[in-house]
Amino acid sequence: MNLLFVARTGVFEALAVGLGYLDQEEQLESSSIFGNMESEKKRELIYLGKAPDGNEVYCVGNKYPDIVVRINEEIKSLIGNIESPLKIIPISVPGTESIYTLSRLAMLPLIGNYFNRLAKSATLHHTDELVSSGKSFRDGVTSKAAAKPLK
Amino acid sequence: MITIKVIYFDYGGSHSSVVAAHIHAGKLESSETPPIEKIINLPYFDKTTKNDFGKIRRVGTDADGNDIHVLGTKNGNSGGLLSGLVDAQNLTDKFRFVDTMPYVNTWLRIGGWLSRGPSLPALGRPLIRIGILQAYPKLVNLVREAGKTRLMEVLQ
């Protein structure tokens, strides 16, 4: 099974959660993806790596994570058996709402870099919550408990 | 015969994608622009609700047996996401996503928003009529490209 973490921002929140899942949270600040607005604008899946449990982990940003979940379910429903299905985990960590606004402002020309730094700073401020939600999900998956996305 | 799912998508899955999908499925003429009433009476045309976002709806089948669908993503830039979703599941050969957003002109944008956003079809539909008639020849060309099979691409 492959995993896709979807948050309102891909290169801030979803990246932090995905790295938490992979136990690579110490790489957040140094990651070339962190705060990379070119990657964010493309809205493509970002491959983060393979977890010890064999899951391939991706992240992406989308304003409506629930719609991404729905599209994926629809794709699956059109194809019967899928050998390597993708499980989508919508992420919403309380207190991180400002990161999305800052990320939008970070796309502005000239002054965007200033807001990018603020968005990075806000993400780092909430690293513990974001990373722990990734770890919680991983523990839920590996223990085969009913894993429930955070709301 | 190997067939694929061809999915036309745009923001709302209500106007340009619906028309393109019906052209591809042979339900609208590709040689000339059909009467506007025929377009307006298409299933799904200017009828979607917010609950339809993310829903892949079947329109028909093309001459090669490929299933033709429409999708509204509630996002103006979803090509990378959709390709990524199928690539990550090794389904690349089974789907073709066709973005109709580049053909959404100002008339369609404003009319579509008025009709589907604040639910003012009486205001929005006249603009949609103008917009879809302007966009129609371009959508026909898009469908011609999208309908090419992989073999045709290789041969060209």
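Axes in this account are lines fitted to C-alpha atoms, for helices over the stretch in contact, and angles between N-to-C directions run from 0 to 180 degrees. The model is predicted, so local features need pLDDT of at least 70 and side-chain atom pairs pLDDT 80 or more, while totals for chains, interfaces and linings use all residues. Residues are numbered from 1 along each chain as its sequence is written, chains are lettered from A and ligands numbered from 1 in the order in which they are written, and side-chain values use heavy atoms, without hydrogens and water.

A:Val68, A:Ile71, A:Asn72 and A:Ile75 make the contact with B:Leu81, B:Leu82, B:Leu85 and B:Val86 (heavy atoms within 4.5 Å).

Within chain A, helix 4 (residues 97-105) packs with helix 5 (residues 112-125) at about 160 degrees, the axes lying 7 Å apart. Helix 4 of chain A is therefore roughly antiparallel to helix 5 of chain A, and this crossing is left-handed. From helix 4, A:Ser98, A:Ile99, A:Leu102, A:Ser103 and A:Leu105 meet A:Gly112, A:Phe115, A:Leu118, A:Ala119, A:Ala122 and A:Thr123 of helix 5. By class, this contact has 7 nonpolar, 4 polar and no charged residues.

Conventions
Helix = DSSP H or I, 4+ residues; strand = E, 2+ residues; numbered from the N terminus. Parallel < 35°, antiparallel > 145°, perpendicular 65-115°, else oblique. Left-handed = near helix turned anticlockwise from the far one by under 90°. Nonpolar A, V, L, I, M, F, W, Y, C, P; charged D, E, K, R; others polar.
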